[in-house]
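I opened this notebook to record what I looked up in the structure below. My entries take the helices and their packing in turn.

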Amino acid sequence: MESAKFIRELRDSVEMSRKEFSEHVGIPVRTLEDWEAGRRTPPEYVPRLISYQLKYEELLRKVSE
């Protein structure tokens with residue numbers, strides 16, 4: 001999957017704005033905007049790491065309930 005689309009889908013899945021998402025994952029908002037617009041491409045491992053982070057956080061939420 002194209003990284004721009006994948007990152008956008010990750011952000012949409014947690015229902016966060018670009019600003020909220022960038023602060024949450026520690027990526028500058030301008031960088032995130034460039035990635036989503038396809039102006040820049042993130043390193044190959046970054047979308048996977050973000051995905052793992054979000055899945056881990058979801059598992060923690062489920063366990064704590």
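Entry 1. The model is a predicted one. I began at the end of α1 and found that Glu15, which follows this helix, has a positive phi, near 50°.

Entry 2. I then asked which residues of α1 are buried. The list reads Ser3, Ala4, Ile7, Leu10 and Arg11. These residues lie on the same side of α1, because they cover an arc of only 130° around the axis. I looked next at what covers them, and found α2, α3 and α4 included in that cover.

Entry 3. I turned to the pair α2 and α3. Their axes come within 9 Å and cross at roughly 115°. At that angle α2 is roughly perpendicular to α3, because angles of 65 to 115 degrees count as such. From α2, the contact is made by Arg18, Lys19, Phe21 and Ser22; from α3, the residues are Val29, Leu32, Glu33 and Glu36. I noted the crossing of α2 and α3 as right-handed.

Entry 4. I looked up the largest nonpolar core and recorded 10 residues: Ile7, Leu10, Phe21, Val25, Ile27, Leu32, Trp35, Val46, Ile50 and Leu54. At least two residues of this core come from each of α1 (3–13), α2 (18–25), α3 (29–37) and α4 (45–64). Which helix gives the most to this core? I found that α4 does, with three residues.

Entry 5. Last, I checked Val25, a member of the core. Leaving aside residues up to four places away in sequence, Val25 touches Ile50 and Gln53. Of these two partners, Ile50 is also listed in the core.

Key. Residues numbered from 1 in each chain as written. Predicted model: local features only at pLDDT ≥ 70, side-chain atom pairs only at ≥ 80, totals over all residues. Heavy atoms only, no water. Core = buried A, V, L, I, M, F, W, Y, C linked by side-chain atoms within 4.5 Å. Buried < 20%, exposed > 50% of the residue type's maximum accessible area, 1.4 Å probe, protein only. Helix = DSSP H or I, 4+ residues; strand = E, 2+ residues; numbered from the N terminus. Contact = heavy atoms within 4.5 Å. Arc of directions from axis to C-beta. Axes fitted to C-alpha atoms, helices over the stretch in contact; angles between N-to-C directions. Parallel < 35°, antiparallel > 145°, perpendicular 65-115°, else oblique. Left-handed = near helix turned anticlockwise from the far one by under 90°.
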